Amino acid sequence: MTHEVRGAGSRSGAHVDADAEAAAAGRGAKGPDELRREIERTRHELGDTVEELAGKMDVKGRARARAEDLRDRAGAMTVQMRSSAAHAGQAGRRHRKPVIIGSGAVVVAVVGAVMVRRHRC
């Protein structure tokens with residue numbers, strides 16, 4: 001057990017168990033294996049942080065990734081638009097007669113209105 005005497009500014013001035021103080025502070029005595037594991041864990045975390053920072057600093061790489069993402073989205077939108085156009089074309093073919101008849105009726109009405117107007121003047 002390791003003992004030390006607190007300085008004159010201490011509360012009690014008594015002998016204190018250094019190991020007990022460290023354990024109370026949540027640090028506890030660590031063996032060499034545990035220290036090695038903690039060092040390895042810290043190295044790994046530091047490596048991840050460095051990689052993350054390097055990625056943020058790689059403006060060219062980020063721009064390429066963004067451009068690729070936008071190309072993918074544009075491709076998906078193109079496929080969606082083509083699908084919608086094909087669907088509209090099929091609907092137009094299904095309802096061709098009513099559309100033609102309706103359009104013809106509108107043309108006849110416009111021509112009739114123009115002729116009536118000309119005869120009045």
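The model is predicted, so local features need pLDDT of at least 70 and side-chain atom pairs count only at pLDDT 80 or more, while totals for chains, interfaces and linings use all residues. Residues are numbered from 1 along each chain as its sequence is written, and side-chain values use heavy atoms, with hydrogens and water left out.

**Overall layout**

The chain has four helices and two strands. From the N terminus, the order is β-β-α-α-α-α. Helices (H or I, at least four residues) and strands (E, at least two) are DSSP runs, numbered from the N terminus. Of the 121 residues, 2% are buried. Buried means under 20% relative accessible area, exposed means over 50%, and partly exposed lies in between (1.4 Å probe, protein chains only). The accessible surface comes to about 11,000 Å². Carbon and sulfur atoms hold 59% of that surface. Areas come from the Shrake-Rupley method with a 1.4 Å probe; for residues, only the protein chains shown count as cover.

**Salt bridges**

Side chains of opposite charge can pair when their charged atoms come close. A salt bridge here is a side-chain nitrogen of Lys or Arg within 4 Å of a carboxyl oxygen of Asp or Glu. The count comes to five. Three of them are listed here.

| Pair | Closest N to O distance |
|---|---|
| Asp-33 and Arg-36 | 3.2 Å |
| Glu-40 and Arg-43 | 3.5 Å |

Asp-33 and Arg-36 both lie in helix 2 (residues 32–57), three residues apart, about one turn of the helix. Asp-33 is partly exposed at 49%. Arg-36 is exposed at 54%.

Glu-40 and Arg-43 are also in helix 2, and because they are three residues apart, about one helical turn separates them. Glu-40 is partly exposed, with 47% relative accessibility. Arg-43 is exposed, at 55%.

Asp-69 and Arg-73 sit in helix 3 (residues 59–94), four residues apart, so about one helical turn lies between them. Asp-69 is partly exposed at 31%, and Arg-73 is partly exposed at 49%. Arg-66 joins Asp-69 and Arg-73 in a network of salt bridges.

**A nonpolar patch**

Which residues form a nonpolar patch on the surface? They are Val-106, Val-110 and Val-114, with about 240 Å² of accessible area together. Patches are made of residues with over 30% relative accessible area and no salt bridge; like charges are joined within 9 Å, and nonpolar side chains (Val, Leu, Ile, Met, Phe, Trp, Tyr) within 5 Å. Val-114 lies in helix 4 (residues 96–120). Val-114 is partly exposed, with a relative accessible area of 40%.
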